[in-house]
Amino acid sequence: MTIYEVGPRDGLQNESAVVPVEVKREFIGRLAAAGLTTIEATSFVHPTWVPQLADAAELLESLPRVPGVRYPVLVPNERGLDRALEQGVTDIAIFGSATESFARRNLNRTVESQFEMFAPVVERALAHGMRVRAYVSMCFADPWEGPVAPEQVARVGRRLLDLGCYELSLGDTIGVGTPRHVEALLDAFAEAGVGPDRLAVHFHDTYGQALANTFTAIKRGITVVDSSAGGIGGCPYAKSATGNLATEDLVWMLDGLGVETGVDVGSLTATSLWLAEMLGRPSPSRVVQALGREFPADLAVARIDRADVSQGGGGAHSGAMGDDDNEARRRLGDRSRRKIQGKRPEES
């Protein structure tokens, strides 16, 4: 099972205030330290449209890379691709729409003309040895058009894959999907000749259905799930879109199912509590809230904001954590795993 962490990009792009680049760098480092191996770092969308990510080049220039971790970025067009190539990016993602209304608002294109914009981006990226992922938004409903037919989504998604993208992420942008909708959408893709090995899922939790929808998709063979640490995020062009599926909630469920992710839920929870302090509001993640109440002493140590790291002196992934910090995260992770296994925290 692969967790595609989108917090640094999809999570922070919807913030009302710009998050300092030092905090973004620290956030990404902590995510890598928690065991996440795919972390979508930022976007090269024009800063006029997404000012929260205007520091993309500065972030990538100063971001230490961890061996084995991929740092994809979102690109909207060829200019965005040029900027990604300048920074030595190896993985990119393009983002399309299944509906006309959202294509016009998000891309200033029609559904048909979006493919004309994406085709040269994908062709050039592949020529440079990049991996290219595609997103398709409004897979279940559109706030301006209403319900979206699964067959319509499958047609758009198939064309994005046919451009040369290795994977397609299906986005429930406004969070109205239910497990039955997920089943119907995956059926439509199967009929279009696209199996679960080419698909990922990306759910927003507006109506509390993100985890149930994810479980349904996993039972249908999906092995790549997008999520955001702490459940942060939304879409600046779809005001009814609330936070993403929280990575902690996803990891807790997968751990309980016996599915190996390589992610330490204690370290991840500490990271999300640290970020919540930076953003000035609590995390909506149920797991973060529960562990924060149950093990506050360990979390208080594990979420310390280290000034030397925020000033560029390393990162959570580069050995900057002290012994107390590491030990607190270890205890929290151990206690979390015992709870999943049905043991009391003090039992060994």
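Tutor: Buried means under 20% relative accessible area, exposed means over 50%, and partly exposed is in between (1.4 Å probe, protein chains only). This is a predicted model in which local features need pLDDT of at least 70 and side-chain atom pairs count only at pLDDT 80 or more, while totals for chains, interfaces and linings use all residues. Residues are numbered from 1 along each chain as its sequence is written, and side-chain values use heavy atoms, with hydrogens and water left out.

Student: What percentage of the residues of the protein chain count as buried?
Tutor: The protein chain holds 15 helices and 10 strands (DSSP runs numbered from the N terminus: H or I of at least four residues for helices, E of at least two for strands). Of its 348 residues, the buried fraction is 55%.

Student: What percentage of the contacts in the protein chain with a separation of 6 or more comes from residues 24 or more positions apart?
Tutor: A contact is a pair of heavy atoms within 4.5 Å. For contacts in the protein chain with a separation of 6 or more, the share from residues 24 or more positions apart is 74%.

Student: Which elements do the buried residues of helix 4 pack against?
Tutor: In helix 4 (residues 78-86), the buried residues are Gly80, Leu81, Arg83 and Ala84. They lie on the same side of helix 4, because their arc around the axis (taken from the directions from the helix axis to the C-beta atoms) is only 160 degrees. An α-helix has 3.6 residues a turn, so residues three or four places apart point the same way. The packing partners of these buried residues are strand 3 (73-74), strand 4 (91-97) and helix 6 (111-127).

Student: Which residue caps the N-terminal end of helix 4?
Tutor: Just after helix 4, Gly88 has a positive phi of about 70 degrees. At the N-terminal end, a side-chain oxygen lies 3.2 Å from the backbone nitrogen of Arg79, and the residue that supplies this oxygen is Asn77.

Student: How are helix 2 and helix 11 oriented to each other?
Tutor: Helix 2 (residues 21-33) and helix 11 (residues 265-279) have axes 9 Å apart at an angle of about 165 degrees (axes are lines fitted to C-alpha atoms over the stretch in contact, and angles run from 0 to 180 degrees between N-to-C directions). Residues making the contact include Phe27 and Arg30 of helix 2 and Trp274 and Met278 of helix 11. Under 35 degrees counts as roughly parallel, over 145 as roughly antiparallel, 65 to 115 as roughly perpendicular and the rest as oblique. Helix 2 and helix 11 are therefore roughly antiparallel.

Student: In which crossing, left-handed or right-handed, does helix 6 pass helix 7?
Tutor: Helix 6 and helix 7 (residues 150-162) pack at about 10 degrees with axes 11 Å apart, which means they are roughly parallel. Val111, Glu112, Gln114, Phe115 and Phe118 in helix 6 meet Val156, Arg159 and Leu160 in helix 7. A crossing is left-handed if the near helix is turned anticlockwise from the far one by less than a right angle, and right-handed if clockwise. The crossing of helix 6 and helix 7 is right-handed.

Student: Which residue has its backbone nitrogen 2.8 Å from a polar atom of the side chain of Glu5?
Tutor: Glu5 is in strand 1 (residues 2-5) and counts as buried because its relative accessibility is 0%. Beyond four places in sequence, its contacts include Leu31, Ser227 and Thr247. The backbone nitrogen 2.8 Å from its side chain belongs to Gly7.

Student: What is the relative accessibility of Glu248?
Tutor: Glu248 is in helix 10 (residues 247-256). Leaving out residues up to four places away in sequence, Glu248 touches residues including Ser228, Leu268 and Val288. Glu248 counts as buried because its relative accessibility is 0%.

Note on methods
Polar contact = N/O pair within 3.5 Å; in protein donor to acceptor, adjacent residues only side chain to side chain.
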